[in-house]
Amino acid sequence: MALTSDIRRDSPTPLTDVYVPPNFKIDRNTLSAQELTELIGANLQRTVVTGLAGSGKSVFLKYLFRKSIEDGYTYYPIFFELRSLNSVNKKSLKEQIFESVQNYATGFTKQQFEFGLRRGSFYLIIDALDETSIDLKSEISDEICDISRKYPKCPVVLTSRPSEEFYAWEGFTTAHLLPFNKTQCLEYIGKIHFDDIKKTEFLEALRESLFEEHEEFVSNPLLAAMMLLTYDEYGEIPARRHVFFEKCFQVLLREHDVSKSRYRRQFHSGMDYAELETALRHFCVLSYLDRKFSFKHEEILNTIGDALADLGFEVDPNNLLQDLTKSISILQKDGDYFEFVHRSFQEYFYAKFVVSDREFTLEEKLKEFLKVDDVIDMVIDMDRGYFETSFLLPRVRKLNRQFAKIDPEQKPDLIMNKFFANSSCGKKQRHDEDDLPPFYVTYSVSHEEREYEPRGLNLQVYWYLLKNHSDLRPHSYKEDTPNKEVILDIFNTTEQNAGSPRTNIPLRAHNRNKLIQLGAGKFAKRVKDSLAELEVRLERTTSKRSSSLSGKLRAHR
């Protein structure tokens, strides 16, 4: 039972009792959940629902699944969770979807499944593309696109965290799940099963000013529910994300106590709070490095056992599993799998390890989670000085040395391919940014690990630049983009096929003239100039930080 639905632990809660319909955005249009539900399967045959962690993507799909049954649609909905896939099972996605149906309908045959797909009898509802392992994600993405092309009569809807890769999925519309507004938040908190007096106090604080002060957290359903627990315990909500998760974890630990008295009930493992947190953190590190987000019973016991052995704790893994699932409820059992109450906790503890560990270099640790912005953002928030001094500044210096003798306007590929792999064209109707021309040029890097890895660390520099120094933002669609005819001619495509993966132009020397015509030279020059200025700023900040610390240390001698 997920924290997003209810705070009761021991009894299930009907979805309809706690569900608050979210809103969505497609291009510039805002749609209600009901409007999107009616469009999916009608006008929107292929839809990707994107949202941040804890925003309610999976809950919406479950609502969609239930709604399609209740409303008597002419097709049969199939709900499939991609998190259950693993690299050991070599069967195709299509085969595993079939087997998931056959588990509940033993007489169902492959021939019937194939016939239904071709006739458009099924409604494929696919959850959590972002929770598939990295070595499977590219393959699964290709399979989903292939299924949508091969069986165009079957509606396909899936969920994932936001990613620009979906803009290149032919025929797919991206529906962005919007954060809760104040009215939705109040309705949601009001539906949660919790002490009425405490909940009323929290609701009053939200109505007065708490929502506006902490909108980033409380507009997220998962974090809103956790915020209720945190507010009950501390009477306030921390503004920084990692501090918020730290307090949430402390709340889960304190819930284990029988009362507010000095007596504390023993954990099944016999550990104290500090030992249990250390073991949990190490478990998160090992599982995250293996890209494991859900576990079968044997898998989770093995990982817990490895974590305990590494730490030298003589504890039965079964007992620690009892503590993590029942004593503090940071893990939950969902069918045959154990999962975190939310992946944010796994990411938080991995970020905490990154900041505290000094055995490995920061660059080595960053390589392990290059594609997860939330982790890197938490690392920066926890210790910006460590991030800037140990990774960012050395990496910026290295790039600037490499770029020193390159003329970016004549050889843009030599700069651009340090960050991106391909250039492609897109159409404005697939974005909602105001500064996009009708047709524009964009740059991307493949999520396939072999291609991503050499650019991943440099991309961290680029993303840091965008997030923390907006005045140095290199890409200008309006200034860099040629007219539509030039774009279509260079990509040798039509308006209808613009944005297709087949229109990609690799950022290589043999495409240099095409890239210059597409405006890559201007973009590359701004990248070079922005990084030069970023190095100056980082040098200044690092110097101030160092001299300030030295002064404080001397003052205390």
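This is a predicted model: local features need pLDDT of at least 70, side-chain atom pairs count only at pLDDT 80 or more; totals for chains, interfaces and linings use all residues.
Residue numbers start from 1 along each chain as its sequence is written. Local features need pLDDT of at least 70 and side-chain atom pairs count only at pLDDT 80 or more, while totals for chains, interfaces and linings use all residues, and side-chain values use heavy atoms, with hydrogens and water left out.

Let's start with the overall picture. The protein has 24 helices and 13 strands, taken as DSSP runs numbered from the N terminus (helices H or I, at least four residues; strands E, at least two). Of its 557 residues, 52% are buried, meaning under 20% relative accessible area with a 1.4 Å probe, protein chains only.

Now for the inside. The largest nonpolar core holds 119 residues, and L206, I330 and F345 have the most contacts within it; such a core is a set of buried Ala, Val, Leu, Ile, Met, Phe, Trp, Tyr and Cys residues joined through side-chain atoms within 4.5 Å. Apart from it sits another core of 27 residues, including I78 and Y151.

Helix α12 (residues 273-289) packs against helix α15 (residues 343-356) at about 100 degrees, their axes 8 Å apart; axes are lines fitted to C-alpha atoms over the stretch in contact, with angles running from 0 to 180 degrees between N-to-C directions. The two helices are therefore roughly perpendicular, a label for 65 to 115 degrees.

Technical notes
Buried means under 20% relative accessible area, exposed over 50%, partly exposed in between (1.4 Å probe, protein chains only). Angles under 35 degrees count as roughly parallel, over 145 as roughly antiparallel, 65 to 115 as roughly perpendicular and the rest as oblique.
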